[in-house]
Amino acid sequence: MMLPRLFLGLIALVSVQTGTSEDFPTPFNTEPDASAKPMDATEAAKSFQALPPGCGVSVFAAEPDIQNPIALSWDSRGRLWVAENYTYGKKGVRLEMSLRDRVLIFEDTDWDGVADKRTVFTDDVQVLTSIEVGRGGTWLICCPQLLFIPDADGDDIPDGPPEVVLDGFTVAEANYHNFANGLRIGPDGWLYGRCGHSCPGLIGKPGTPDADRIPIKGGIWRYHPDTKIFEVLTHGTVNPWGHDWNKAGELFHINTVTGHLWHGIPGAHFQESYGESKNPYIFSRLSQHADHYHYDRSGKWQDSRDGEANEFGGGHSHIGMCIYQADHFPKDWHGKLLTWNQHGRRINRERLDRHGAGYVGRHEPDRIICGDDWFRGIEISTGPDGALYGLDWSDTGECHDHTGVHRTSGRIYKFAIGKPEKPDLSLLSKYDKSSIEQILNHPNIWHYRRWVAGLSHTSEIAAELHLYIENRSANSPTSRLRAIWALEQLKVPYDPSQWLSDDDEAIRSWAIRLITQHSPIDTINSTVRATKNLPTEAFLKMANYDPSGLVRLTLASTLQRLPGHQRASIASALAAHKEDAGDHNLPHIVWFGLIPLVETDPNALIKIAATTQWPLLRQWIARALGNQPEALENLLTLASEKPDIAVQILDGLDEAFKGLRKVPKPKNWEGVSGKLNYPEKIKALGVLFGDGKALDEVIATALNGELSFATRETALKTLIEAKPANLKEICSKLVGAKDLNQIAVRGLALYEDVEIGSLILKHFKSYRPDDEKAAFVEVLCSRAQWANLLLDEIRKGRISREEISPYQARQILALNDDPLSENLRKVWGDLRQSDGAKKELIEKMKASLTPESLAAADLGRGRMHFQMVCGACHKLYGSGGVIGPDLTGSGRSDLDYLLENIIDPGAIVPADYRMTIIKTKDGRLISGVLKSENDQTVTLALAAAETTVEKSSIDTRTISPASMMPEGLLLALNPEQIRDLIAYLKHPVQVPLPE
């Protein structure tokens, strides 16, 4: 194996200051240990393990010549452009605006693996997260702006000040990561970028009114430099920080927490860690496009990280990405998706297999594992020689950098087999027939991408490209596809429809995209802004008969670009493919394209419901149309005429009516209800429609102790939704019944009667200690008189104070009843602390929770305290509530991280975790996190369960600026209990509860 080249080569690096300012601020570190520094760069290069055969590592550049590198790009001279970010701050500071960021250019003139020339292009920008070189200048994201710095003559001196192309990429006040990032010019000439979930933006040209801006909340976006069109291509995920295109031009990106690999299907809505889509008809969102995770989700999460090879892959955080499309590395690297795993300090490799209509990522063995604890890989890229180049942020913090920021370190490593020859870049400026053929077939896609970036329109080039594309027998599909992309970037008139019947599925897919590309998708509102004269007949034929699932997926994605009246026929043809019923993508993508028809053409949707081979699509159509009287009648008629699809329609209607107490009876109900062979579902609908006979039957079912729990549960839930006159009497009889009691108490919660509180407390000791008691305490805390009764029982010693969680204690405070709040303080304790007291408590806890103290902790009791204090809201190792973040993948091993988030949870509050407080007209107080909302109902996630409230029953609704996580969590525990809880939270594996 070749030994790594030495860092000593950097001594001879020549620095050129072209775009620099004399007053560039000196970067400073905020690490608490001023003496802390990373491993020597040369030694760090030697520490890499699991390298490909014959691969060596050289330090291409290191501090002080490169510091805090955050992004990179290449130019056609083979030079590496790097963005340095100094303005990123630690927690509490967010952005250090006394500093500035800069763009550097590195060149390896003798191609020995070490940069020997460094040029400053600009050092007068801030909040710099991304860079791309091309189209006559340099593109930067400097939040909240997308900038273009012109340099038409390529002399590395800006031709003028930065031009603000777009703005609205806001850095959220309640966050300090998930920034907009990721500039890359795509194969179609559009400029692509990324945005994190926690920094939502409103994007537009400078001066655009908010009402005319395009919202984005996580996902992939793109901008066309010529047409000036901006569109959000996909919505969702958490923090995408890497994307690339495979040889077929399919976009893939990586992500953190909710899944690491996603196929960038235009118009898709992807799963997020929390929050709901603003479009009320997005009923389900796509999960990741991989068959695995890079961490153990079942209980040993931290075993799968920390830089050691294992079966998982290193952890949940992924940064930087490329799909290797060169020939320098061995064949088992070709076409693989490569991404840095931050906690694992390694490259995760994914094999992208065609699967169904799309792709699935499969885990290949991890490689390039670094032994430097400071290594923080942040970007990976293929260079002109086919070698890999990796940026190292070089710091000790994790995702949230809780140890401060070490700004005076940073590295660029080069991973190469042997000594690569200096690549011949002369082809990049040649456009004769022979050169075009060579570049279209070049084994390293880097050369094609840089060549096409320099294209300018000439009829000769266009003619050669046309001839090349038409020669199907002699030229490969991949090279012909490259020629098509080149033709698109030449900006010459051409007709992509000629390739709709091509033999290759990727070319047919791209023909569809190119025909419709200037008709933007609005994935939030599904607004239709479509191009005229589209070949919809050809699209319809392909939807019916094309054998390729990828082509069908492209057509499904394209629905959102078509006029509304053209969508139904194509969607109907797609949804008739029975083989796609269980496909990971197609039912979702088709539904996303049909959503506008809910308002504009419901009859077309009902026709699709009648013919589709996809049960899920039929259910979504019923759910979307259930609240339209005429559509409801038509759906019921359809269900009665086609018994084999009735259950999907009825399930959809059940979801549509969730939270409603009464729905106008359809005119055809009496005629169709007897034909539907689903008695429990029909009775539930009958109650909702005001059918007295059905109501009597449901009451009898709920009270019949001989029937199964599931049957009685369904009946009781139906009654609570309908709220008949005798509901209080029914629920009072069942509040002591095993299993049904949690449901019965929800019905009793609807009535303002002090005796109900006494009735609940009478049965309290008989309830199970986990979920049952939590559900009852939640109800008792919803009314002041009931909460007082609960506190009196605690004061008398009949009920443990630990039955009230801090979350529920805050709900009592939210009732705004002064005597009740004083009673809570006396009996339970105080939740509120001053900022000074919080800081003092953090330091006190850090001093007492020493490694020796934590080693003596009782982890089983710590788990028990977690269930009482945290488990109502947070999931850990697959167990717990869902209204707060899953703690399994958080930075729990860091004591500072734990204490700061527990003691001062309101320091940074993402909008999706703010508490919604609803006061109903019947006097209840309901507080939780907004789960979903439509025109008629609001659903909140509470500690014990979700609750759906009709908007007509709401008196007031407010959003608290505070975190849903209350302060004072530790005030309810004694020092030993705190020690056990913190030790359990830090522990990397699940432990058993005490006997």
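This is a predicted model: local features need pLDDT of at least 70, side-chain atom pairs count only at pLDDT 80 or more; totals for chains, interfaces and linings use all residues.
## The nonpolar cores

Let's begin inside the protein. The largest nonpolar core has 176 residues, and the members that touch the most others are Phe-106, Leu-146, Trp-221, Trp-451, Trp-591 and Phe-657.

What is Leu-146 in contact with, leaving aside its neighbours within four places in sequence? Its partners are Trp-139, Leu-140, Ile-141, Glu-163, Val-164, Val-165, Leu-166, Phe-169, Leu-183, Leu-191, Trp-221 and Tyr-223.

How many disulfides does a search of the whole structure find? The count is 0. Take Cys-143: its sulfur lies 7.2 Å from the closest cysteine sulfur, which belongs to Cys-199, and that is too far for a bond, because a disulfide needs two cysteine sulfur atoms within 2.5 Å. Cys-143 counts as buried, at 8% relative accessibility.

Cys-731 is in no disulfide either, and the nearest cysteine sulfur, in Cys-781, is 19 Å away. Cys-731 is buried too, with a relative accessibility of 0%.

## Pairs of aromatic rings

Now for the rings. The whole structure holds 34 aromatic pairs. One of these joins Phe-169 and Phe-230 in an edge-to-face arrangement, with 6.4 Å from centre to centre and 70 degrees between the planes. This pair links distant parts of the chain, 61 residues apart: Phe-169 is in the loop between β10 (163-167) and β11 (181-185), while Phe-230 is in strand β16 (residues 230-235). Buried or exposed, which is Phe-169? Phe-169 is buried, with a relative accessible area of 2%, and Phe-230 also counts as buried, at 8%.

Another pair, Tyr-431 with Trp-451, is tilted: the centres are 5.8 Å apart and the planes make an angle of 35 degrees. Tyr-431 belongs to the loop between β26 (411-417) and α2 (433-440), and Trp-451 to helix α3 (residues 445-453), 20 residues apart. Here Tyr-431 is partly exposed, with a relative accessible area of 28%, whereas Trp-451 is buried at 0%.

## A cluster, and charges over rings

Some rings gather in a group: Phe-48, Trp-340, Phe-375, Tyr-413 and Phe-415 make up one aromatic cluster.

Which ring does the charged end of Arg-354 sit over? That ring belongs to Tyr-359, and the charged end is 5.6 Å from its centre. Likewise, the charged end of Arg-407 sits over the ring of Phe-28, 4.9 Å from the ring's centre.

Definitions and conventions:
Residues are numbered from 1 along each chain as its sequence is written. Side-chain values use heavy atoms; hydrogens and water are left out. A nonpolar core is a set of buried Ala, Val, Leu, Ile, Met, Phe, Trp, Tyr and Cys residues joined through side-chain atoms within 4.5 Å. Buried means under 20% relative accessible area, exposed over 50%, partly exposed in between (1.4 Å probe, protein chains only). Contact means heavy atoms within 4.5 Å. Rings of Phe, Tyr and Trp (its six-membered ring) pair if their centres lie within 6.5 Å; planes under 30 degrees apart count as stacked, over 60 as edge-to-face and the rest as tilted. Helices (H or I, at least four residues) and strands (E, at least two) are DSSP runs, numbered from the N terminus. A charge sits over a ring if NZ of Lys or CZ of Arg is within 6 Å of the ring centre and within 35 degrees of the ring normal.
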